[in-house]
Amino acid sequence: MSQENANLEARLEEQDAFEPPESFVEQANVTDPGVYEEFEENWPECWERAADLLSWDEEYETVLEDDDAPFYEWFTGGTLNASYNCLDRHVEEGAKNRAAIKWEGELGETRTYTYGDLLNEVEAFAATLRDLGVEEDDVVTLYLPMIPELPIAMLACARIGAPHAVVFAGFSADALATRMNAAESEYLVTCDGYYRRGDALDHISKANEGLESVEHDVSDVVVVDRLGDDLSHSLGSNQHDWDELMADHEGASVEPVSRDAEDMLFLMYTSGTTGQPKGVKHTTGGYLAYTAWTSRAVLDIKPEDTYWCSADIGWITGHSYIVYGPLALGTTTVMYEGTPDYPEKDRLWEIVEENRVDIFYTAPTAIRAFMKWGAEYPERCDLSSLRLLGTVGEPINPRAWKWYYKHIGNEKCPIVDTWWQTETGGMMITTLPGVNTMKPGSAGPPLPGIDARVVDAEGEEVSGGEAGYVTVNNPWPGMLRTLYNNDDRFLSEYWAEYSDEDADEWVYFPEDGAKLDDDGYITILGRVDDVINVSGHRLGTMEIESAVVGVEGIAEAAVVGGEHEVKGEAVYVYAIPEDGYEDQDDLDERASEAIDTSIGPIARPEEVIFTPELPKTRSGKIMRRLLEDIASGNELGDTSTLRNPEIVDEIADQVEAE
Ligand code: PRX
């Protein structure tokens, strides 16, 4: 390293606050610090600003309806269509030839859809869905990887008022079936396969296997032929080829259905404490307004930008900040099918260079991988088009933040560290890039209009420097409305902890721990429930446990998250073999396979540790905290309250040995 570089590194390492560069502020969408006060003084009417970013068929009458809290309603009386807002209105305003989606396949092929093209495709698929019998409010499951047909199908569903339920393509057959069963979804759109590290990956077999476990009749399955000759496949009796259906409906005109603001736009399943995934319901008006507003205020998106979020559309980040938010603002959104290191570790930076990307939004786990690979890869490419960087999904350590700032942003791009959840629909705690000082590692203050706090166990706000739990003490337009078909679980999961029902005071509990500083900045510490965050993917430990205990020869298991250099957290399984199975050396493999089958490779354990006992309290509760410490290599806490303290050292020795 040159002396100059070494000095620079040393300076960066010490610096704990960064001001947004002048050049950024000059052009930013939001630059007035008064926006916080304006929102506070004029709440909830302040949210009209978000609603004003949309085109409404029928103007709403009330901004917020809280009669039946916490079943809040936003923009009641208003009607609109999400696909109209993301497509038609831009075409009508003269942006027909502007690129809406720039897609790059892993093998290097590219496809650009202008707003005009995308509208045509969406109308053709909307007509297709109608012909198949899909009616308003029917849930359509989309089990697709990062190919343009996924956003096309989402927007086609939105156009005819059929909520979509996207299932991440990396999820297993069982996970698909569980979600289709829970949503009673009778329609599926999937594909033959996709490319990963240059190989053609079979997806249709997994989809078909999942369909066998769907408990109701599935009327129709549409299959995209992504792989051509690389994977020959045959279609079942109710299965149709996407291209054939699209050819039949080419040029179709489908009027966007006027939806009530509170009508469901989509369902997204996410993990919780218990085994059953939660069907998070998002609505048309509030969700779209909130994602558009945050895309504008936080991601600083402008129609002339090329914007790239490298998440997968199968997760909420992709829904809100690849598809709905950016397209509602009429910008160009980039999609990439593959992995960041194929064919080489500079693939993402090549895509930035080729597309002159202005804004890049990714996950800390990716940044930590880039760091590990080294700065030589981004240095190969011209990243000077970048104006703003973002991160989401897990805490970012200051070292990774600074690496991102220096090596990707060249010290001229602000970084927004955005805290939010599947349930919140959009960003909640983060800096406004044209307004606030950035502090590496800390997400920032709550966004204007968001009353997020850090509280103690009694719900009292903590002082600067103290840690506690995040709560959100007022509603916001992008919030989930309920858990699908499960209002009771909605109430117990999110509103039971801190609300005072008798006083009609409702407090949302996201189940995250956090620390507050003297400037009101919030540093997220991570989940406080039995959910772990592996590479930004949210996984329920109970779901993984139930897969493991289903394995013949495993009597009991505890699954915890342990710290991991790149993934943030990794899955650790501690299992007790049944009598007679102790010497079976394929037991760990079978445990991993069971997890693959029930959830998918994303939940694959880092290690399976067999032990004759699990550390338990005298009342028989497994001490997960100790198991987490062992997995993370941390110093072990107090074991004196255990029934079997001796087992802890035994397990720790074993983990160390491996
Ligand atoms: O623990 C928080 C973490 O991710 C959880 C939400 O996961 P999910 O619903 O899958 O949504 C991820 C994408 C929005 C949160 O409860 N999380 C999310 N963003 C951050 C974060 N932790 C720290 N910093 C963040 N910026």
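Two strands count as paired if DSSP finds at least two bridges between them. The model is predicted. By that pairing rule, seven strands form an open sheet in the order β5-β4-β17-β16-β18-β19-β20, and the pairing is mixed. β5 and β20 are the edge strands, each pairing on one side only. From one strand to the next, the twist averages 20°.

Helix α13 packs on this sheet. Its contacts there are with β4, β16, β17 and β18. The directions of α13 and β4 make about 145°. The helix spans residues 347–355, and its buried residues are Arg347, Leu348, Trp349, Ile351, Val352 and Asn355. Just after α13, Arg356 has a positive phi of about 50°.

β18 and β19 run parallel and are joined by four bridges. Ile359 has Leu388 in β19 as its bridge partner.

| Strand | Residues |
|---|---|
| β18 | residues 359–362 |
| β19 | residues 388–392 |

Now the cores. Which residues have the most contacts inside the largest nonpolar core? They are Trp47, Phe75, Leu118, Phe125 and Tyr324, in a core of 122 residues. Helix α6 (residues 115–132) gives this core its largest share, ten residues. Leaving aside neighbours within four places in sequence, Tyr324 is in contact with residues including Ala82, Cys86, Met154, Phe266, Tyr287 and His319. A second core is separate and has 39 residues, among them Phe168, Ile532, Val534 and Leu587.

How values were computed: Residues numbered from 1 in each chain as written. Predicted model: local features only at pLDDT ≥ 70, side-chain atom pairs only at ≥ 80, totals over all residues. Heavy atoms only, no water. Buried < 20%, exposed > 50% of the residue type's maximum accessible area, 1.4 Å probe, protein only. Helix = DSSP H or I, 4+ residues; strand = E, 2+ residues; numbered from the N terminus. Axes fitted to C-alpha atoms, helices over the stretch in contact; angles between N-to-C directions. Contact = heavy atoms within 4.5 Å. Core = buried A, V, L, I, M, F, W, Y, C linked by side-chain atoms within 4.5 Å.
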